[in-house]
Structures are given as C-alpha cells and as structure tokens.
Amino acid sequence: MSSSDPKPGPKPGPWPPAPESSPMPPSTWAKRTGFRPKFSGETTASHSGQLSLPASARATPSETHPDLEAGQPPLRPPPVSAGEQDKAKNDKPQPQPPSAAAPVKRRRDSDGGRSNGPDGGGANGSVRRQNRIEETVEVLPQSMADDDLVARNLHMKYGLRDTPGLVPIGFYGLQHYLSMLGSLILVPLVIVPAMGGSHEDIANVVSTVLFVCGITTLLHTSFGSRLPLIQGPSFVFLAPALAIINSPEFQGLNGTNNFKHIMRELQGAIIIGSAFQAVLGYSGLMSLILRLINPVVVAPTIAAVGLSFYSYGFPLVGKCLEIGVVQILLVVIFALYLRKISILSHRIFLIYAVPLSLAITWAAAFLLTEAGAYTYKGCDPNVPVSNVVSNHCRKYMTRMKYCRVDTSHALRSAPWFRFPYPLQWGVPIFTWKMSLVMCVVSIIASVDSVGSYHASSLLVASMPPTPGVVSRAIGLEGVTSLLAGLWGTGTGSTTLTENVHTIAVTKMGSRRVVELGACVLVILSLVGKVGGFIASIPQVMVASLLCFMWAMFTALGLSNLRYSEAGSSRNIIIVGLSLFFSLSVPAYFQQYGVSPNSNLSVPSYYQPYIVASHGPFNSQYKGVNYVMNTLLSMNMVIAFIMAVVLDNTVPGSRQERGVYVWSDSETVTREPALAKDYELPFRVGRFFRWVKWVGI
C-alpha cells in the first residue's frame, strides 16, 4: 500500500498514516491515566476532533486499543502482506528531537531547576497554539489528556513546589488574596445582620473569619491536599445557615440575645457536621464516594448553589439603585471588557476587579453623602424606623439607610487589638435536627472540594492526587470546619471554589505564596480596625458584589463539564433536569402554605429560608418535619440528588461521563514527582503508612 505526502518528511509508514505532528512525549496525561478517546456516536468530528468513519471502518474495544501516545485513531487497518509489513517496520518514522521553532515545555522543580520536554505539533500548529495563548491566557484546562498543553496555555509562573524569593512571595500572596477578597469577607456580612447582630458584632465576626481562614489554610497546605487552595466560609454553608437563623423558635428573640443564641446554635450544628465530615474522610468512606462523584454531578450541584440566591441579590441592590447598579457595572467592565489590559505584565483589572470596583463605588457614595444627596431636613438615619414618627422622614428612611456610607460606626468603635478566641459567643448548643442538616451540607461541601482538587491539580501539580490524598484532605476539612465552629464564624470552613479561577488568572501555583498570605491574614485578624473597616461596607455594595460572586460561582460549577462530553445528549439532559428541579422543587416547598396576601415578619429576600415553619411535611414528629422541609428546600441538595442518581444509573462511557481519573499506588511508585507534590511534611506520612486510604 502506498500513500503520498505533499510535505517533505519521513518515508511512508504503515496504514493508517501517522499524523503530521511529532509523537507526544510519554509523560502526557493520556499515558498516565489511561485516557481513551471513546466518544459516543452523538459527538461529531466538528465537536470532538475525532475522525468520523462509517460503521464498517470502526473497531470494537476488544479488537483494538487506541494509543494516544502514537497519535493513532481507533481504526482497524486493512490486511497487508508480510512484505509490506517488513517494509513498514524498516520505514517506520522515528521521533524527532524538538526543533528550535517548536515551543518547549519547562517545569520548575523544587530545587529551582527545569526539565524540558518536547512539544508535539508542527510549525503551523505551534503558531496557531501561540495565537490562542495570546488571545485567552486565563483559559482553564479543557482536558485531562494533555498536561503539556495546559502548562503552555497557562504560562504558570511558579509551580506547586517552587519557592520564589521573599519579595515575589509577598507580592503574589497579596495579589492572590485580594483577588478572592469577596469570597473571604462577604459571607459574614450577610449572616450577622440576619441574626440581628450590630455593626460591632459584624466587625468581630469578620476578624474571627480572617483568623480561622489563615489557620485552616496553613493546615490544609501542610497536612491536607497540599494544593495552593485557600480555605474559607464557602457559599455552600450560607443557605443552611440562613435556614437555621430563620427557624421558628428564634422569632421571639431580639437584639444581642438573638445574635448570641443563634450563633451558639450554629456553632453546635457546624461542630457535629464537621465531625461527620472528618469521619467521612479519615475512615476511607470518601474513597468509595469518589466513584459516584464525576463532573456531571459536580457541575449542577455547585451551579445550584449560586443560582439559589437570586432572591437576595438584586432585590437588595434595588434599595439604592444609583450605588448598586454602578457597582455591578464596574465589576463587569473590569472583569470582562478590560481583562486583557496589562500593567507591568499583570492583568490588574481582571485580578483586582472586586476590590477596585468596591473602592471606586465606595468613594463615589462617600462624595454623594458628604454633598448632602441623602440628607433630608429633620431626619436622622441613626434612628430606628420603628421610632420615626414623621411621615416625611419615614418615606426616606430606607434610602438614607442603604445609600449613606456613614450609618455604620463599626470602624470608630472597633478596638485596635482584638484576639479571636474559641467559644467567644458562649457554649455551643447542640440540637439533633440542625446538626443533621449540617451533616448533609458537609457532603455537598465535600463534592465542591473534590471538583476543586481535581481542577487545581491539573493547573499546578504533576498529576492528580490519589484517592487517599483526597480522603485525607476531606478529613482535614472536617477538622478545620470544627475549628470554625469552635471559634464561631457562623459557617464551616472548606475549599473556596474561586481558587481555580484565581490560580488560572494569576498564574501562581506555589503553595508558599498561599501560606505566606495565610500568615498575613492571621496578623490582620488581630487588628480590630481591619474588621471594623470591612464591617463598614454599605449593605447595597455587599449585595452588588454578591450578584457577581454568585454568578461566578455558578459559572465555575458549570465549567466542570469541560472534562466530559458537553455535547452528549445524555449529559445535557442530566444537567438540565438537575438544574431545573433544583429550582422548581425548592420553590414548591418555599411557597407551600403561604398565601399571596400573607404579611410575613421577615424581609422578602429571607422568605425562601423560613420554609421550616410552613413546609409540606407535617407529621407528628416536628424534628423530622424540620429536617425534611429544610433539606428539600435547598437547591443544592435537590441538584445533587438528581445528578448523582442519573449519572450513576444512565449508561454512558467513561469519557462521555468525564469520570475523574485519580492517580493510583502504581503511579506513585513510577512517578517520584507525584510523591513530592502530595507527601506530608516533616516525615509525618510514615505514621500513616498503615492506613492506606489517607496516604499517597
């Protein structure tokens, strides 16, 4: 058999002809993980990049196994004679060394050296790839099959085990945490006012959150997954916290007693839920659950978390439109329209979209306040609305409360030094119904973390972690959430989903940078004025930033579908059903028993969280009614149940489902870099060698 090649190159080889690109190096993801291009018949060539052949030319899995390393498609070659086979063996092209024109992959090791590897692809492919890199530098990894392409696309400045100098560590650490400012501080700005806490209470909780975030991040980068992931108050815990806060038994409390009592109830529920999560991880049960958790499960579950807060976002922004809308427009302009503008090789507007928009809007609101735009004769914004007698002042009280920036006295009253300590709000109160709700939420938080582990490992590590490392990390997250419960942050502590986007944007994958930033957080938490300053952010601006953050959270959840065949009708239907019923089923529970003319005692944006008092479950066991009505009114719970059942019962190939591929024990022995990435420091791992499910 003969074949013609218009381009000069090696002599013709066996059928089918090898691709124009040079063979991929043996260190690709396909070789390590056993990734196979087993697309379903629904995926066309235009979407999957695979050859579309007639049925007669296709080979069954038992007849041939495609070798991605050699670039051979899964085809059955026609019969050839013995002479042609001998000739094909002699004329088989040999791998060529990388040319000067081809880009070379470089990866820094812990000792500062670099190891070079060839980059497959001809000159035309290199030019196209370079153009794509220049256009979308912040792109996330699209496949598990080629870590070389991921590394080239992202241009990671420092790898996982790199140790830059002190100045780069300090600069990139500040940049890393500022880019995630909204995720760190916005949750306490929502739950503390819902509990009836004062501005001083908000400042104290913010300081506590910063302290716990620093401690838990240090623990996680040292004894957890060891990936550069910041731990903090995830939005996953926000909906159950609001549901507990709006429980019927707390409606009779008021003032400081209300805040402290509800905080102690939250502490008790978080401690029990965290202990359950720790057992889930350290017992090895998480390794079994990993078989059920795939991108088609993670995507709708995390997306439902962001979509569930639509009733809180813009309704609160509407209290002062000229401030809230400007805040939203600025953060959108910075994050999208100005994202490619670089200053000193840093995408300032993309990385600092949240703090920049907050600073500009806050300054504009301050100028409007000082200019008297929100000053009305004879009206005092510090007087409670219930004590206002004048109809003229009552008309403008809402506008003054939400538009003025001087209504909070948190910065003025906050002390310069304050040390957050455990049980600062009192002894936790344990109730089984609230604890059971938090146990279920801890499973959702673990699903969120699993997706973050896998996505971040593709960015910064040599290979994905082993199931043992994942179990170890989930177990430690349970321990760190227990610390959050003891200190009283109001939510558990888990891996923030926004980590993946931040790493992709900042190109910083060193765990040393995250550790130094965590130490800075601990120091800042001791300065009471820092918490007071953050507590002074007007509530309308908080709601505006949350609109952007929740939208980002939804998009990051759906981005997990890039590991599966997003065009498959199977996956489309599963994700669509999960998202729709995650909105529709909770709406049924939230609207059940509520008449259109009912005058509820809570604001409209808190009404979805009072379902425990009027849900459809109405048996003689009030505790069971509370648990069922509360859980089934949470969007993320419904999405998780729908997705995990459908994805694990509807037939589909591993690649179509996008099954997460974790490293195994044989890979650890064969790849020393894997052990260096995830092994515990100070030889702590030798104490866990007898427990295989929490080690490498």
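This is a predicted model: local features need pLDDT of at least 70, side-chain atom pairs count only at pLDDT 80 or more; totals for chains, interfaces and linings use all residues.
Does Lys507 count as buried or exposed, and at what relative accessibility?

**View 1. Lys507 in the loop between α21 and α22.** Lys507 counts as buried, because its relative accessibility is 7% and the cut-off for burial is under 20%. The loop that holds Lys507 runs between α21 (498–506) and α22. The backbone of Lys507 has a positive phi of about 60°, although the residue is not a glycine. Most residues other than glycine have a negative phi.

**View 2. Leu423 in the loop between α18 and α19.** Leu423, which is not a glycine, has a positive phi of about 55°. Its loop is the one between α18 and α19 (432–460). With a relative accessible area of 39%, Leu423 is partly exposed, since that class lies between the limits of under 20% for buried and over 50% for exposed.

**View 3. Arg412 in helix α18 and its separation from Ser536.** Helix α18 spans residues 410–413 and includes Arg412. Arg412 counts as exposed because its relative accessibility is 66%, where the class requires over 50%. Arg412 and Ser536 are 124 residues apart in sequence, and their C-alpha atoms are 9.7 Å apart in space.

**View 4. Packing of helix α8 against helix α22.** Two packed helices are described by the angle between their axes and the distance between the axes. For α8 (residues 199–223) and α22 (residues 511–525), the angle is about 155° and the axes are 8 Å apart. Angles over 145 degrees count as roughly antiparallel, and α8 and α22 are therefore roughly antiparallel to each other. Their crossing is left-handed.

**View 5. Residues in the contact of α8 with α22.** On the α8 side, the contact consists of Ser207, Leu210, Phe211, Cys213, Gly214, Ile215, Thr217, Leu218, Thr221 and Ser222. These meet Arg511, Val514, Glu515, Ala518, Cys519, Leu521, Val522 and Ser525 of α22. By class, the contact residues comprise 10 nonpolar, 6 polar and 2 charged.

**View 6. The protein chain as context for the close-ups.** The secondary structure of the chain comprises 30 helices and 4 strands. Of its 696 residues, 53% count as buried. The chain exposes about 31100 Å², of which carbon and sulfur atoms supply 62%. Among contacts between residues at least 6 apart in sequence, 81% join residues at least 24 apart.

Definitions and conventions: Residues are numbered from 1 along each chain as its sequence is written. Side-chain values use heavy atoms; hydrogens and water are left out. Axes are lines fitted to C-alpha atoms, for helices over the stretch in contact, and angles run from 0 to 180 degrees between N-to-C directions. Helices (H or I, at least four residues) and strands (E, at least two) are DSSP runs, numbered from the N terminus. Angles under 35 degrees count as roughly parallel, over 145 as roughly antiparallel, 65 to 115 as roughly perpendicular and the rest as oblique. A crossing is left-handed if the near helix is turned anticlockwise from the far one by less than a right angle, and right-handed if clockwise. Contact means heavy atoms within 4.5 Å. Ala, Val, Leu, Ile, Met, Phe, Trp, Tyr, Cys and Pro count as nonpolar, Asp, Glu, Lys and Arg as charged, and the others, Gly among them, as polar. Buried means under 20% relative accessible area, exposed over 50%, partly exposed in between (1.4 Å probe, protein chains only). Accessible areas come from the Shrake-Rupley method with a 1.4 Å probe; for residues, only the protein chains shown count as cover.
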